[in-house]
Amino acid sequence: MKRREFFEKSGCAIAGIALTGVGLKADMHGTEKDRKAMVKKILMEKMGKTEAEAEAMLAEMEKKLPMVKQMCVCKTCPTYVANETAVGFCHPLIGKSKIITAEKGCNCPTCPVYKKMELKNGYYCTRKSEMEQELAKKA
Ligand code: SF4
Ligand code: SF4
């Protein structure tokens, strides 16, 4: 699946959308529920989606999440720590780790999700999700 197609289907919808100035001041260490609310806010306030459209996009993101978690190779990475349990930090509904702080190499480029979704960044556990890193570039 092409990157843009994935983002559209997954609800990330970053490609081709100008998001300059998107406010990401809120704490990104929240629960998945908190993150869902944050992503919904971005979709509606910064990307012009209606509530119904945002809900549909979030539903697609949630649908993709189990696949991302299943394919994730974070637990084989030197940066991953023993007391972490989360994976799939690249996904908008996961975001960065609450625990991992020291970057010791990133295995993301070897991950099937990274290749499948044509991701561009890395160190999602410490630097936030693909969506947030892409938004930061546009800010
Ligand atoms: S790209 Fe990185 S964070 Fe995303 S699923 Fe793969 S290993 Fe995990
Ligand atoms: S996001 Fe990258 S650096 Fe962090 S644990 Fe996963 S593979 Fe390692």
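**Close-ups of a predicted model**

View 1. Around ligand 2 sit Cys74, Cys77, Thr79, Tyr80, Phe89, Cys106, Asn107, Cys108, Gly122, Tyr123, Tyr124 and Cys125 (a residue is near a molecule if its C-beta atom, placed from the backbone, lies within 6 Å of it). This is a predicted model, where local features need pLDDT of at least 70 and side-chain atom pairs count only at pLDDT 80 or more, while totals for chains, interfaces and linings use all residues. Residues are numbered from 1 along each chain as its sequence is written, with chains lettered from A and ligands numbered from 1 in the order in which they are written. Sorted by class, the ligand 2 shell has nine nonpolar, three polar and no charged residues (Ala, Val, Leu, Ile, Met, Phe, Trp, Tyr, Cys and Pro count as nonpolar, Asp, Glu, Lys and Arg as charged, the others, Gly among them, as polar).

View 2. Ligand 1 has 16 residues around it, and Cys72, Cys90, Cys108, Cys111 and Val113 come nearest. Helix H3 (51–71) and helix H4 (112–116) are the elements giving two or more residues to this shell (helices are DSSP runs of H or I, at least four residues, numbered from the N terminus). The class count here is 14 nonpolar, two polar and no charged.

**View 3. Helix H2 against helix H3.** H2 (residues 32–46) packs on H3 at about 135°, axes 9 Å apart (axes are lines fitted to C-alpha atoms over the stretch in contact, and angles run from 0 to 180 degrees between N-to-C directions). So H2 is oblique to H3 (under 35 degrees is roughly parallel, over 145 roughly antiparallel, 65 to 115 roughly perpendicular, the rest oblique). Lys36, Val39, Lys40, Leu43 and Met44 of H2 meet Glu51, Ala54, Met57 and Leu58 of H3 (contact: C-beta atoms, placed from the backbone, within 7 Å).

Methods
Contact = placed C-beta atoms within 7 Å.
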